[in-house]
Amino acid sequence: MSQSQPSPSQEKYFEVSLAPQTASNEQLSAKRDEVMAERNRKLQERMAAMAQRRMKRSTATSSMKQQKEAIQEFTQQFTVRYDAIEDDIAQQRTYEQFKALKVCAFKLEQFLADNASILPSYTFEAKNKMMSNLKEKINQTQQSIAPKPKFVFSQKNKNVYAPVTAAAASDEDEKQKHDNNN
């Protein structure tokens, strides 16, 4: 039953002895200084790396902040211009007015395209869809209020090509003779 715990007579002891000092105190001190210098150099490298990471994070944060501000400014300008065009649709009465409104819509679409590089893809797609809907609304309203006028020949052109009578021909001949003499 006493197998788990050894009796005091069965305990083993280890003897430890130190090796004689082979290096002088100066050599040991030089070695210690060398090791400490290496530790300090590695510590300085780690501190510099941490400082660089911190700088990257702060510049990334500031550039993200600038990009966010640019997106907000674009969205605000786009919304104001979009709403103005949308409000003007109901006020248009002639084909020329609708044509001018379409030019404004085209300029807004160009503004969207110019800022596509700063916009997230989902924002660009949403604004692009809004522009498609706006152009469709303009076209539908124009078709119901002031459709595009159809091309017709004017009455002036018909008079120019009217048949020439004998009396009119003799008058023209006299004019030509008179012009040639002068």
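Me: What order do the elements of the protein run in, from the N terminus on?

Reply: From the N terminus on, the elements run α-α-α-α-α, and in this predicted model the protein has 5 helices and 0 strands.

Me: Where do Phe 78 and Tyr 82 sit relative to each other in the helix?

Reply: Both belong to helix H1, where they are 4 residues apart, a separation of about one helical turn. An α-helix has 3.6 residues a turn, so residues three or four places apart point the same way.

Me: Which residues do the ring pairs link into a cluster?

Reply: The cluster consists of Phe 74, Phe 78, Tyr 82 and Phe 111, linked through ring pairs.

Me: OK, charges now. How many salt bridges does the structure hold, and which residues form a network?

Reply: There are 4 salt bridges in the structure, and Glu 38, Arg 41 and Glu 45 are linked by such bridges in a network. Arg 41 meets Glu 38 at 2.4 Å, N to O, and Arg 41 meets Glu 45 at 2.5 Å, again N to O.

Me: How are those three spaced along H1?

Reply: Glu 38 and Arg 41 lie 3 residues apart in helix H1, about one turn of the helix, while Glu 45 and Arg 41 lie 4 residues apart in H1, which is likewise given as about one turn.

Me: And what is the accessibility of each of them?

Reply: Each is partly exposed: Glu 38 has a relative accessible area of 32%, Arg 41 has 40%, and Glu 45 has 47%.

Me: Which helices does the bridge between Glu 109 and Lys 135 tie together?

Reply: The side chains of Glu 109 and Lys 135 meet at 3.0 Å, N to O. Glu 109 lies in helix H2 (residues 95-114) and Lys 135 in helix H3, so the bridge ties together parts that are 26 residues apart in sequence. Both partners are partly exposed, Glu 109 with a relative accessible area of 22% and Lys 135 with 32%.

Me: While we're on H3, how does its span agree with what it should be?

Reply: Helix H3 covers residues 121-145, and at 1.5 Å a residue its 25 residues should span 36 Å; the end C-alpha atoms are 36 Å apart, which agrees. The expected value is 1.5 Å times one less than the number of residues.

Me: Which residues of H3 are buried?

Reply: The buried residues of H3 are Thr 123, Lys 127, Met 131, Leu 134, Ile 138, Thr 141 and Gln 142.

Me: Then Lys 148, where does that one lie, and what is it in contact with?

Reply: Lys 148 lies in the loop between H3 and helix H4 (155-160) and is exposed, with a relative accessible area of 57%. Setting aside its neighbours within four places in sequence, Lys 148 is in contact with Tyr 95 and Gln 142. From Lys 148 to Glu 96 there are 52 residues in sequence, whereas the C-alpha to C-alpha distance is 9.2 Å.

Me: Last topic, which residues make the nonpolar surface patch?

Reply: Leu 43, Met 47 and Met 50 make a nonpolar surface patch of about 260 Å². Met 50 is found in helix H1, residues 25-89, and counts as partly exposed at 35% relative accessibility.

Key: Residues numbered from 1 in each chain as written. Predicted model: local features only at pLDDT ≥ 70, side-chain atom pairs only at ≥ 80, totals over all residues. Heavy atoms only, no water. Patch = residues over 30% accessible without salt bridge, like charges linked within 9 Å, V, L, I, M, F, W, Y side chains within 5 Å. Areas by Shrake-Rupley, 256 points an atom, 1.4 Å probe, with all protein chains shown as cover. Helix = DSSP H or I, 4+ residues; strand = E, 2+ residues; numbered from the N terminus. Buried < 20%, exposed > 50% of the residue type's maximum accessible area, 1.4 Å probe, protein only. Phe/Tyr/Trp six-rings, centres within 6.5 Å; stacked < 30°, edge-to-face > 60°. Contact = heavy atoms within 4.5 Å.
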